[in-house]
Amino acid sequence: MIQHIVMLRLKPDADPAELAAVMQGLGALGLAGFTGFQHGPNRDYEAKTQDYPYGFIGTFTDADAVATYAADPRHQALGGRLVALCEGGGDGIMVMDIEPV
């Protein structure tokens, strides 16, 4: 299993309706090996990631499923919309792929 964790440094004026539409689109991709999707505001209880107010986690069966997701044109289009919502564009997006042990 791979947990694809994405944290977003949103622009102060990022449109909440556009963010919701992108999250809905990502969650509805329906790709083989894409087994779960969760998103929401970063509560940052340890006060370590204030610059990233929102994030999401995609759960995948394996690295091949993550590669399929990354190459999917629908994912790429949604990613472009997400980049437009973030400070610094792509630099405002932090991604980690964690394989639990």
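Two strands pair if DSSP finds at least two bridges between them. Keep that idea in mind as you open this predicted model and follow the tour.

**Stop 1: the sheet**

Start with strands β1 and β3. They run antiparallel and are joined by seven bridges. Now select Leu8, then look across to β3: the residue standing opposite is Tyr54.

How many strands does the open sheet have, and in what order? There are four, arranged β2-β3-β1-β4, and their pairing is antiparallel. Find β2 and β4, the edge strands, each of which pairs on one side only. Turn the view and compare neighbours: on average, neighbouring strands are turned by 15° against each other, direction ignored.

**Stop 2: the helix on the sheet**

Select residues 16-27, which form helix α1. This helix packs on the sheet and touches β1, β2 and β3. Show the direction of α1 alongside that of β2, and you have an angle of about 165°.

**Stop 3: a link between helices**

A search of the whole structure finds two salt bridges.

**Stop 4: where two helices meet**

Two packed helices are described by the angle between their axes and the distance between the axes. Now show the side chains at the meeting point. From α2 come Tyr69, Ala70 and Ala71, and from α3 come Pro73, His75 and Gln76. Sorted by class, this contact has four nonpolar residues, two polar ones and no charged ones.

**Stop 5: the largest pocket**

Rolling a probe the size of a water molecule over the atoms shows where empty space is left. The largest pocket has a volume of about 180 Å³. Select His4, Phe56, Tyr69, His75 and Gly79, which are the closest to the pocket's centre among its 13 lining residues. Then highlight β1 (2-8), α2 (63-71), α3 (73-85) and β4 (93-98), the elements that each give two or more residues to the lining. Which element gives the largest share of this lining? It is α3, with four residues. Colour the lining by class and you will find nine nonpolar residues, four polar and no charged.

**Stop 6: the second largest pocket**

For the last stop, select Ile5, Met7, Gln38, His39, Gly40, Pro41, Asn42, Gly55, Phe56 and Ile57, which line the second largest pocket. Its volume is about 150 Å³. Strands β1, β2 (34-41) and β3 (54-60) each supply at least two of the lining residues, and β2 has the largest share, with four. Colour by class once again: five of the lining residues are nonpolar, five are polar and none is charged.

Key: Residues numbered from 1 in each chain as written. Predicted model: local features only at pLDDT ≥ 70, side-chain atom pairs only at ≥ 80, totals over all residues. Heavy atoms only, no water. 1 Å grid on protein atoms, 1.4 Å probe; cavity = no way out; pocket = protein on both sides within 12 Å on 5 of 7 lines; lining within 4 Å. Points joined across faces, edges and corners; volume = space filled by probe spheres on them. Nonpolar A, V, L, I, M, F, W, Y, C, P; charged D, E, K, R; others polar. Axes fitted to C-alpha atoms, helices over the stretch in contact; angles between N-to-C directions. Contact = heavy atoms within 4.5 Å. Salt bridge = Lys/Arg side-chain N within 4 Å of Asp/Glu carboxyl O.
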